[in-house]
Amino acid sequence: MPAGTHNDSANVSYQEFHLLGFPGLQESRFLLFIPFFCLYVMIVAANSLLIYTVKVERSLHSPMYLFIALLLATNLCCTTTIVPRMLLSFLFDVSRISLPGCLVQMFFLYFFLLLDCTILLMMALDRYVAVCNPLRYADIMTNKLLIQLTAAALVRSVSFVSPVVILASRVRYCRSNIIQHFACEHMALMSLSCGDVSRNKIVGLTMRSITIIFDLGFLLMSYSRITHAALKMASGNIRHKAFHTCGTHLIVILFSYFSSSVVYRVGKSVSQDMHNLISAIYLLVPCTVNPIIYGLRTKEVRQHLLKLFKRRGSVFIPFRKAALNTKE
């Protein structure tokens, strides 16, 4: 049966699909490769640089910076789940994906997105303890607690994403084998089903609603208490530092949830190409912006980055001198 045709038999299910991210731009897909490739290189370079900086600088081995490194590593994994395949489809028209491969990509895409949200909660908890209970910060935010929080975040992501993917694996896909998306997004795949998928939609919506309600409630409670505690501080410098640090986290949080809201609201009223472009922006722009925000707004990270660049630059000075002497 030719790709993209409709299947009249409900007993037959496609086991291979074509990811068609931007159906209206197939003839100029090579032009799409350039901006997405540049964006991906920027994401990999910026996130890797900050992760490396936190790793090599012992003074940054505190919970706040370790959470930042973990968030950036999650950003890196999330983009790598979808962008390389998308770039190959732009360059070589490699768009085929098997149903198991599609489900694996769906699992890791949502796993890392949810893990990203959970890390933001962990960062809010860290700032809450640092501002509201500073004298006991070192006793509370221990390495053991960090490991426990990270394990809890992984379990949460697996337990929320697994039911959605397992239910998706039991659906028969007989309407078409063309996925109108650049990745195996849940609703894009469900639109190809030929049976009742109301349970899949209810489970997906329930998981999303629980996550949003709990996360926003926790963040609102944490940062309201942080603000209240910061306003009561006698020292202006300490108060300014508390607001500055928490402000950095809030910028990242608001950008993430605002982007998600825009995708959900605008997606229903625009063309498929525009919807997919907005989805790509939602996924990729935070991964690009996060290292810039934390690199520029966090004083300690910025100082160590400058120190790292100076150190690397000094390594090449003898080689430059040797090259000049050789020319002479």
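Mentor: A disulfide is a pair of cysteine sulfur atoms within 2.5 Å. Please keep in mind that this is a predicted model, in which local features need pLDDT of at least 70 and side-chain atom pairs count only at pLDDT 80 or more, while totals for chains, interfaces and linings use all residues. Residues are numbered from 1 along each chain as its sequence is written, and side-chain values use heavy atoms, with hydrogens and water left out.

Trainee: How many disulfides does a search of the whole structure find?

Mentor: The search finds two. One of them joins Cys102 to Cys184, with an S to S distance of 2.1 Å.

Trainee: Which hand does the disulfide of Cys102 and Cys184 have, and why?

Mentor: The disulfide is left-handed because the torsion about its S-S bond is about -125°.

Trainee: Where do Cys102 and Cys184 lie in the chain?

Mentor: Cys102 is in helix 3 (residues 99-132), and Cys184 is in the loop between strand 3 (178-179) and helix 6 (186-190). The pair links distant parts of the chain, 82 residues apart. Helices (H or I, at least four residues) and strands (E, at least two) are DSSP runs, numbered from the N terminus.

Trainee: Buried or exposed, these two, Cys102 and Cys184?

Mentor: Both Cys102 and Cys184 are buried. Buried means under 20% relative accessible area, exposed over 50%, and partly exposed in between (1.4 Å probe, protein chains only).

Trainee: And which cysteine forms a disulfide with Cys174?

Mentor: Cys194 does, with the two sulfur atoms 1.9 Å apart. Cys174 lies in the loop between helix 5 (143-169) and strand 3, and Cys194 in the loop between helix 6 and helix 7 (198-231), so the pair ties together parts that are 20 residues apart in sequence. Cys174 counts as buried at 2% relative accessibility, whereas Cys194, at 25%, counts as partly exposed.

Trainee: What pattern do the disulfides of the protein chain follow?

Mentor: The pattern is 1-3, 2-4, with bonded cysteines counted along the chain.

Trainee: Changing topic: how many salt bridges does the structure hold?

Mentor: It holds three, a salt bridge being a side-chain nitrogen of Lys or Arg within 4 Å of a carboxyl oxygen of Asp or Glu. Among them, Arg96 and Glu16 meet at 3.9 Å, N to O. That pair links strand 2 (residues 96-98) with strand 1 (residues 16-19), 80 residues apart. Arg96 counts as exposed at 54%, and Glu16 is partly exposed at 39%.

Trainee: What about Arg156 and Asp215?

Mentor: Their side chains also form a salt bridge, 2.6 Å from N to O. Arg156 lies in helix 5 and Asp215 in helix 7, so the pair ties together parts 59 residues apart in sequence. Arg156 and Asp215 are buried.

Trainee: And Arg127 with Asp126?

Mentor: Those side chains meet in a salt bridge of 2.8 Å, N to O, and both residues are buried.
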